[in-house]
Amino acid sequence: MASERSNGTIIKVSGPLVVARGLSGSRMFEMVKVGVLGLFGEIIEIRGDQYSIQVYEETEDIAPGQPVVPTGVPLSAELGPGLLKSIYDGVQRPLDKLMATYGEFIVRGAESPALDREKKWDFTPVVAVGTEVEAGDILGTVPETALITHKVLLPPGLAGKVTEIKAGSFTVEEKVAVIKDAQGVSHTITMLQKWPVRIPRPINHKLPPVKPLLTGQRIIDTLFPVAKGGTACVPGPFGSGKTVVQHQLAKWADADIVIFIGCGERGNEMTDVLLEFPELTDPKSGRPIMERTVLVANTSNMPVAAREASVFTGITMAEYYRDQGFSVALMADSTSRWAEAMREMSGRLEEMPGDEGYPAYLASRLAAFYERAGLVIALGKDGRESSVTIIGAVSPAGGDLSEPVTQSTLRVTKVFWGLDDQLAFQRHFPAINWLSSYSLYLDVTDPWYDAEVHATWSKNRRQAMILLKKEADLQELVRLVGLDSLGSADRLILESARLIREDYLNQSAFDDVDTFSSLRKQALMLETILAFHQGIEKRLAGGLDLAPFLNLPVTEDISRAKLIPEKDLDSRFADLRKKIEDALEAAARNANK
């Protein structure tokens, strides 16, 4: 009980680590107020009467002898209407409210509730008085934004009969319903829930992922898809485009809700996100994309301890919307800086270091985060199917993928989008290396693509990968003996693979048309390139030489196919296929003369 706890006294300060004595009754991961400023802190180690506390703010001017006051509760996220369109720091303080109150820099010890306590929300009940309800059942709905209808759920661990419920406008703290449990105890229900961020929210059960998370990025959707409810890792050296990839996914992925966590990001990159996202338009509805987005901004100049909190705060909000039946995509950029924060705190705790100084529990802490992804049946009688997909960027020092954070991440994720700085220097974006990347979801996503998009989708994907791998082998040979030593069939492979690389996999995030490709467009583009390859291959088998088919003007039309608007796909691609066939026939006739 909170009343059994006693205040403590600081005996040591080591950067973000504060050691206190006298906090009898306090427990692991309990939140405390540190020093005369009342800074946010969390108990992370207890040795006898000594309590080690990681402080989520700068500890300048904190000194031994100052008080530590326990709160009796763990670090928890506030959940309810109003999360969407918000921008929080790592411990869920609303940055816009803090700026309005304190100015452009956060004052240490500043507090502000995550959810607005004054704003009223229109609550519409969906159950009546006398209804038996269980944990996770929907009690009512709230129009949170124009895109998302928020569902007010009965909290986990509670069941009973509705004895009171009413429609109207309420703040998140006002009573909307009363539930009487089996013991006859009445519980007041508000729209505000609080949940400890380190504890996964309960579900009925997990399902195997079967449907891909569609991103509009051709190299991802076609070659290395991630399933809804799956996990993906995006490692790459500095300047290889990790942040651009994650921004594109946040903008275009077909998730209902997007949670973007800037975990230790450079300030200028996080500024780009904060300025750009409010200006973006959701492609499906035409509404601002912020109406289905939550941003967590924890930049590299903020206290390191808050980096770890930020990812758990973000995943807790993602699970809350998952429980309502939504598909959620969570982007964490980057988990390397989160791991660096753990390494610093572990060093200050004088724990035994593991590989490269990281704590021995690095792998288990990463797994605990990624395992909270999944396609699930949420709590509640209606069996809502929903998902959380986690895509984490990793920033290995010097691009060394053998370092501990990358390797620990690869053990628990099933998609690897390996970014290549050489591709980035060549202005090839997304700079995902098609030879080193992989997806372990292909066995489950290929049948979906074949049934829902195009009957030969998986066949065409495999053919494209064969051409790309053969090209890599032939490039080694060309460097040794020269292009002229290759036969016509091999030179055709080089030409067709070039079209796939430059005109299909290369995609501009800054072109209004090319930034997003529907699955229909992707299928038509790849089918057209392969039809060009197979058309020439057939004529080579008939005894013709490759020379007449090289540098045909129609290849320029193939290159520009990525710029065909979505509304003109069928007619324009039909015209392009006819133009290709006519050009090949004309070249064959000229070769026979």
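Begin with helix H7, whose buried residues pack against strand S19 (231-235), helix H5 (305-323), strand S22 (327-333), helix H6 (335-348), strand S24 (385-394) and helix H8 (404-412). The model is predicted: local features need pLDDT of at least 70, side-chain atom pairs count only at pLDDT 80 or more, and totals for chains, interfaces and linings use all residues. Residues are numbered from 1 along each chain as its sequence is written, and side-chain values use heavy atoms, with hydrogens and water left out.

Helices (H or I, at least four residues) and strands (E, at least two) are DSSP runs numbered from the N terminus. Within H7 (residues 362-370), select Leu-362, Leu-366, Ala-367, Phe-369 and Tyr-370, which are buried. Buried means under 20% relative accessible area, exposed over 50%, and partly exposed in between (1.4 Å probe, protein chains only). Viewed down the axis of H7, the buried residues fall within an arc of 160° and therefore line one face of the helix; the arc is that of the directions from the helix axis to the C-beta atoms.

Next, select Trp-417 and Phe-532, the residues with the most contacts inside the largest nonpolar core, which has 79 residues. Apart from this core lies another of 72 residues, among them Leu-79, Ile-261, Tyr-320 and Ala-373. Such a core is a set of buried Ala, Val, Leu, Ile, Met, Phe, Trp, Tyr and Cys residues joined through side-chain atoms within 4.5 Å. Around Phe-532, leaving aside neighbours within four places in sequence, the contacts (heavy atoms within 4.5 Å) include Leu-499, Phe-549, Ile-580 and Leu-584.

Move to Leu-84, in the loop between strand S7 (76-79) and strand S8 (87-88). Leu-84 counts as buried because its relative accessibility is 4%. Beyond its neighbours within four places in sequence, Leu-84 is in contact with residues including Glu-144, Ile-148, Ile-257, Met-290 and Tyr-321. A C-alpha to C-alpha distance of 9.9 Å separates Leu-84 from His-150, 66 residues apart in sequence.

Finally, display the loop between strand S2 (17-21) and strand S3 (30-34), where Met-28 is placed. Ser-26 is found in the loop between S2 and S3. Ser-26 is buried, with a relative accessible area of 8%, whereas Met-28, at 39% relative accessibility, counts as partly exposed. Not counting residues up to four places away in sequence, Ser-26 touches Arg-5, Ile-43, Ile-46, Tyr-51 and Pro-70.
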